[in-house]
Amino acid sequence: MSQTDAGWGAGPSGRYEDLAGRFRPAFAEIRATAVERDRRHGLPHAEIGWLREANFTTLRLDPASGGHGASLPELFNLLIELSQADSNVTNALRAHFGFTEDVLCSSSPEWRARWIERIGRGETVGSGVSETGPAKVGQFDTVVRQRGSERVVEGRKFYTTGSLFADYIHLSAQDEDGQPVVAAVPTRAPGVAIVDDWDGFGQALTASGTARFEGVVLAPDLIKPDPARFPYAMGFFQLVHLATLAGIGRAAADDVARLVAERTRVYSHGNAGRTADDPQVQAVVGRVRGNAYAAGAVVLKAADALQRAHEAHLTGAGSAAAERATALADVEVNQAVTVVTNLVLDATTGLFDALGASAVKEGLGLDRYWRNARTIASHNPRIYRDRIVGAFAVNGSEPPRQYRVGTA
């Protein structure tokens, strides 16, 4: 069924349905096992493998490089659909798609060509940026040292989302002089250990745990020439979270509608002989669906802004116009954060009002929607996003270009 026929509105381009049709069989397979995997902590190795086989991980590359030439609005709409199947899988691929943008925007032709080839072969990249140690804001405890003629990584990362499923870890570190170093570390290199010790109550299947680096030798071609991230990185990574939330909302809306339609028991003080005909129940289902629809529409509107920033960078990197487009994209994404978060948290709580006590049984897995949404919404606290938007509206202040966590 097309997105339009399902009531979610037309896709972001005329070709979107053809593009999405290539991946919907894999999405359906992923969704079919999502509840069971959540209950038994079944990590989505196979599911991510299916997406790699379908070339989903090459979406942003040109067809000549093995990709689909997807625009950013097309990418984010597909991430909504993937999240409707299983939000864990989207989160596990978040770093990979961000790394792909880094590659596409890189100022180094050699780095760009090398990694376009690797991504085009289906190789993927996980996250190795955040730390939970005593490092101060803006610094890392993970260090790349010079050892003779070699450069060696020592340190520990947490929130290494997706790295357990990937071929490389996108590592942010610093050298012995405190200068930033960015590298792609092979996950199977000697001295690399990735542990699935993430114990959050939501997004439990993303392997967002610990990665340790003990004397890991870095080949020169694995160190990025310019450690800076792509210009619209902050907005991009946050919008992946919002697309994930929108997909969770759609899945919750689908499930509550299906369960109401199947329900045979009614309350004596209800309004109809069938729950499906009860107007109060129908209104609950409608609110859940409306919230999910609005969340998706907001995400796609913000994705248009990121596309403008991307195009401005390609045509005039570093120019005032490109900088302005990036700042405005960040504003639009920040404006979306609280709105989308509230819509989806409300939907994933309110859906239970349309059902009876049996809806809380573990076998249905309805609780995972709120757990996953609440977990995603806890990244990069939204209270700061509202303040950033207010500062822009009142004083014209541009959003910060980087968000980092550490000790004061």
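**View 1. Ring pairs join Phe76, Phe230, Tyr232, Phe236 and Phe237 into a cluster.** Rings of Phe, Tyr and Trp (its six-membered ring) pair if their centres lie within 6.5 Å; planes under 30 degrees apart are stacked, over 60 edge-to-face, the rest tilted. The structure holds 16 aromatic pairs. The model is predicted: local features need pLDDT of at least 70, side-chain atom pairs count only at pLDDT 80 or more, and totals for chains, interfaces and linings use all residues. Numbering starts from 1 along each chain as its sequence is written, and side-chain values use heavy atoms, leaving out hydrogens and water.

**View 2. Phe99 and Trp115 form an edge-to-face pair.** Their ring centres are 5.1 Å apart, with planes at 80 degrees. Phe99 belongs to helix α6 and Trp115 to helix α7, so the pair ties together parts 16 residues apart in sequence. Helices (H or I, at least four residues) and strands (E, at least two) are DSSP runs, numbered from the N terminus. Both Phe99 and Trp115 are buried, meaning under 20% relative accessible area (1.4 Å probe, protein chains only).

**View 3. The buried residues of α7 are Trp111, Trp115, Ile116, Arg118 and Ile119.** They cover an arc of only 165 degrees around the axis, which puts them on the same side of α7. The arc is taken from the directions from helix axis to C-beta atoms. Gly122 follows α7, with a positive phi near 100 degrees.

**View 4. The charged end of Arg118 sits over the ring of Trp115.** The distance to the ring centre is 4.5 Å. Such a charge has NZ of Lys or CZ of Arg within 6 Å of the ring centre and within 35 degrees of the ring normal.

Conventions. Buried means under 20% relative accessible area, exposed over 50%, partly exposed in between (1.4 Å probe, protein chains only).
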